[in-house]
Amino acid sequence: MAAALQLPAELWLQVFSFLSWRDKLSMRCTCSHFRHLVDKSRPLWRGFSVVLRHFSRYNRPFWRSLAQRHVGSVSLRSGKKKDLKQLSTWLPALDALRLDDWREGGVDELKQFRQLQHLSVTSCSTPLKNPDFLLSLRHQLTQLSLCNIQLTCPAPHLLAAVSQLTRLTSLQLHHDGSLRFPTLSGVLSHLTELRHLSWTMITYKTLSHDFFSPAHHRAGDTVLQLSDLQLLNYDAMVTEETLQPLSRLRSLSIFHLYSVPGPTCHLRTWLTSLQQLCSLSIHGGHPLAVYADCLPSSLLSLTLCVDLQPEDLQLVSIRAPHLEHLHLEPWSSSSNLVRLLPQLFPHLRTLRIRHQHVSDEDFLCLQQLQQLHTLEVLDSYYRPDPTDPSRVVYQPSPRLLQLSAELQRRTNHRVRVVTSSHRDPLTCDCV
């Protein structure tokens, strides 16, 4: 060990750079020399996010360790105002903060974080009294996410506050339908830098012609810079005129409100109006057969969590011949679909599927995808005892591990097989 400690610090830091967050934390516990190297190296912790809760258990050495690493991203769970005050004392230069299950009605202490750019407030157990806490951040916030929160203020008050955040490039607002906004044109006309928008649509039955852009704008004016739009709980009628301001849109995600759709497929209007889309994600709604003939030929990425049949995929391959990324999660079994993928989508680079009920032969036929480099298996669990279906082991089954190893062998390890239990978390709540 003494000889190893004589190696240059630069060499050790290069070795540490290949470790996961958890392994880095383990290495710093082995000796004081490694603790010093790990804590003092700012590049080693770039992108590190820490989860904090129960602040009473954190002592000064703990906070000093975080400060030495220049931690820039924190997730605060079940926090209160006094926790934000302590956090701002030790980590005043935070650029990303997530408040999960916030326990008080105000968040005025956020003004202490003068470099904060990314803010997420989710699942508050106490209603927020008003959104005026955003005003102190209006010159710095670039990303804002408000999900599953309750507000005691009127919806126009919230929109007025959000409209002041003129540097926003990403906005998420997810709610239970209690907030009602007639249109988004007012707030979108102020957020000229906005690129990503995720919005709950549960209160809308029909989108007005000026829903995305004020009516006084001339036809053909490029008002919105939006490139990525995500609509949750969607089931609204729409016209081509309504969608004209979205000419720059490249990515569209639709999460339908009903698993049993109504008589009209509104998605067809979206697809025929937005033929420039590169990425499309559909969850629920009508079967794929209803709108497959409208898919843009420009698609490179496609997510289908819908009812579909093998013949529908054949039409998709004709409509989107250059597809590179596919997430296939049909409502019915995918056992007879996987075998078709190499012939229908030869350019796939990434693929996400479920493997239950897929035969070994069909799974291994994915080796024919010559450009595939990542395969993600979404259902990496199994039931070890056929007589006890209630017992579930949430890790890859021996069969899946064997199939994955064989696929990698046949592709000379070109294909990386990812399962949910193998992902290295980007956050850690122990230091």
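Visitor: How many helices and strands does the chain have?
Guide: Helices (H or I, at least four residues) and strands (E, at least two) are DSSP runs, numbered from the N terminus. The chain has 14 helices and 16 strands. Please keep in mind that this is a predicted model, where local features need pLDDT of at least 70, side-chain atom pairs count only at pLDDT 80 or more, and totals for chains, interfaces and linings use all residues. Residues are numbered from 1 along each chain as its sequence is written, and side-chain values use heavy atoms, with hydrogens and water left out.

Visitor: What does the C-alpha trace span along its principal axes, and what share of the residues is buried?
Guide: The trace spans about 65 × 60 × 45 Å along those axes. Buried means under 20% relative accessible area, exposed over 50%, and partly exposed in between (1.4 Å probe, protein chains only). By that rule, 48% of the 431 residues count as buried.

Visitor: Into which domains is the chain divided?
Guide: Domain bounds come from an automatic or database domain assignment. Here the assignment gives domain 1 (23-179) and domain 2 (361-423). Taken over C-alpha atoms, the centres of domain 1 and domain 2 are separated by 36 Å.

Visitor: Now to helix packing. At what angle do the axes of H2 and H4 cross?
Guide: Axes are lines fitted to C-alpha atoms, for helices over the stretch in contact, and angles run from 0 to 180 degrees between N-to-C directions. Angles under 35 degrees count as roughly parallel, over 145 as roughly antiparallel, 65 to 115 as roughly perpendicular and the rest as oblique. The axes of H2 (residues 9-16) and H4 (residues 32-40) cross at roughly 70° and come within 11 Å. H2 and H4 are therefore roughly perpendicular to each other. Contact means heavy atoms within 4.5 Å, and here Ala9, Trp12, Leu13 and Phe16 of H2 meet Phe34, Leu37 and Val38 of H4. For residue classes, Ala, Val, Leu, Ile, Met, Phe, Trp, Tyr, Cys and Pro count as nonpolar, Asp, Glu, Lys and Arg as charged, and the others, Gly among them, as polar. The contact of H2 with H4 holds seven nonpolar residues, no polar and no charged.

Visitor: And how do H5 and H6 lie to each other?
Guide: The axes of H5 (residues 60-68) and H6 (residues 81-90) come within 9 Å and cross at roughly 55°. H5 and H6 are therefore oblique to each other. From H5, the residues Arg60, Trp63, Arg64 and Ala67 meet Gln86, Leu87 and Trp90 of H6. The contact of H5 with H6 divides into four nonpolar residues, one polar and two charged.

Visitor: Let us turn to single residues. Is Thr200 buried or exposed?
Guide: Thr200, in strand S7 (residues 196-200), is buried, with a relative accessible area of 2%. A polar contact is a pair of N or O atoms within 3.5 Å; within protein, one must be able to donate a hydrogen and the other to accept it, and residues adjacent in sequence count only if both atoms are side-chain atoms. The side chain of Thr200 reaches the backbone nitrogen of His175 at 3.1 Å. Not counting residues up to four places away in sequence, Thr200 touches Leu173, His174, His175, Leu232 and Asn233.

Visitor: Which side chain does Thr374 join in a polar contact?
Guide: The side chain of Thr374 pairs with the side chain of His373 at 2.8 Å. Thr374 lies in strand S14 (residues 374-377) and counts as buried at 13% relative accessibility.
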